[in-house]
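Look over the sequence and the structure before reading on.

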Amino acid sequence: MDVLTRQKWDRAAGSYDLMNGYGQELRWAPSKRRLFDRMRGRIIFASIGTGQDIQFFPPDRDITGIDISAGMLERARPRAAGYPGRLELRQIDVHELDYPDGWFDQAFTACTFCSVPRPVDGLRMLRRVLRPGGELFMFEHTGSRYFPFNLMLNLMTPLSRRFGPEMNRDTVANVARAGFEVAAVEPVYLDVVKMIRALAPAASGSR
Amino acid sequence: MERRVYFVLGDLLCNAAAGAVAGVVVALVAGGWPPALGMVAGMAAGGVAAMLLAPVAGLLFGVLEVMLPMMVSGMAAGMLAGMSASSGTLQAGAAAARGAVVGVLVLAATYLMNAYFQRRGSKWTY
């Protein structure tokens with residue numbers, strides 16, 4: 001397990017809900033509800049954090065929520081306990097998933113691959129545990145292609161990565177690099193916050 | 001495009017405030033500076049001032065959607081205030097009013113850009 005990343009998010013866990021809570025979740029609620037309404041079959045959710053997104057999950061789903069941080073999961077447990085369906089929480093690094101190939105039907109992420117240290121490797125691991133043709137749904141903030149937003153996000157990243165996410169990643173390109181077929185990219189805010197739908201190809205069983 | 005009244009009013013308030021604060025800060029500091037220096041320093045100072053305000057505003061209205069336009073508002077208002085202050089005496093009240101107007105204009109431009117991205121992006125149809 002990546003100890004530095006785990007420690008970083010353990011430290012952030014105490015203030016995470018305050019910094020990313022009311023305003024951000026209210027702002028993103030309609031988009032996230034629409035995204036999570038697509039949950040079907042056996043689902044892996046990486047990374048579930050403090051469980052803020054659980055409120056948007058449709059009921060009666062079979063979800064495994066993973067996170068690298070025990071501190072985050074500790075805060076997620078009460079929310080998971082109130083979920084009207086099957087929701088298992090596990091502390092595990094997305095780079096080191098120990099599920100069999102093709103175990104899940106769908107993978108979901110929400111503000112995850114701004115922080116995973118090796119995003120393409122993490123996405124490849126998600127691809128491995130998805131069945132052939134399985135779906136990856138992401139709600140992510142990324143860098144921008146447009147001035148002045150690209151300049152600002154690039155300037156902020158050296159500082160932000162010390163405490164939390166990177167602000168300038170090209171997550172759509174990373175999804176493609178990991179071997180997924182990018183099916184749709186829907187902007188939520190400018191070209192910075194977006195929802196991504198991608199498919200694991202038929203040969204997803206091999207890494 | 002954002003249509004919820006809570007967020008539209010919040011965005012307006014945040015950007016007007018960012019522009020006003022940036023304008024005042026720069027007007028107080030950059031008086032009598034060479035115009036080019038006033039403009040560049042004003043832009044930088046305005047951006048920093050807005051960046052410091054944005055996390056607080058983000059608690060209520062969402063960090064990313066608030067921070068990006070607020071920083072542009074701060075930079076633009078700071079740049080304008082820096083140019084004005086270097087060419088003469090700029091009162092703090094006038095700098096605040098101009099900065100607030102700049103902030104609202106920047107927000108309007110951001111909303112238009114956002115509408116463009118929404119129109120251009122792929123929609124999920126299944």
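Chain A and chain B bury about 3100 Å² between them, with 65% of that area on carbon and sulfur atoms. Buried area here is the accessible area (1.4 Å probe) that two parts lose on being put together, summed over both. Arg27(A), Met152(A) and Tyr189(A) supply 24% of the area that chain A buries against chain B, more than any other three residues.

The model is predicted: local features need pLDDT of at least 70, side-chain atom pairs count only at pLDDT 80 or more, and totals for chains, interfaces and linings use all residues. Residues are numbered from 1 along each chain as its sequence is written, chains are lettered from A and ligands numbered from 1 in the order written, and side-chain values use heavy atoms, with hydrogens and water left out.

In contacts (heavy atoms within 4.5 Å), 34 residues of chain A touch 32 residues of chain B. The two chains share 2 salt bridges. A salt bridge is a side-chain nitrogen of Lys or Arg within 4 Å of a carboxyl oxygen of Asp or Glu. The side chains of Arg27(A) and Glu2(B) form a salt bridge at 3.5 Å, N to O. On the chain A side, α2(A) gives the most, with 8 residues. Helices (H or I, at least four residues) and strands (E, at least two) are DSSP runs, numbered from the N terminus.

Next comes strand β5(A). Of its 12 residues (130-141), 9 are buried, so the strand is largely enclosed by the rest of the structure. Buried means under 20% relative accessible area, exposed over 50%, partly exposed in between (1.4 Å probe, protein chains only).

β4(A), α4(A) and β5(A) make a right-handed β-α-β unit. Right-handed means that, with the strands pointing away from the viewer, the path from the first strand over the helix to the second runs clockwise.

Helix α4(A), residues 119-129, holds Val120(A). Is Val120(A) buried or exposed? Val120(A) is buried, at 16% relative accessible area. Leaving aside neighbours within four places in sequence, Val120(A) contacts Asn174(A), Arg177(A) and Ala178(A). Val185(A) lies 65 residues from Val120(A) along the chain, and their C-alpha atoms are separated by 18 Å.
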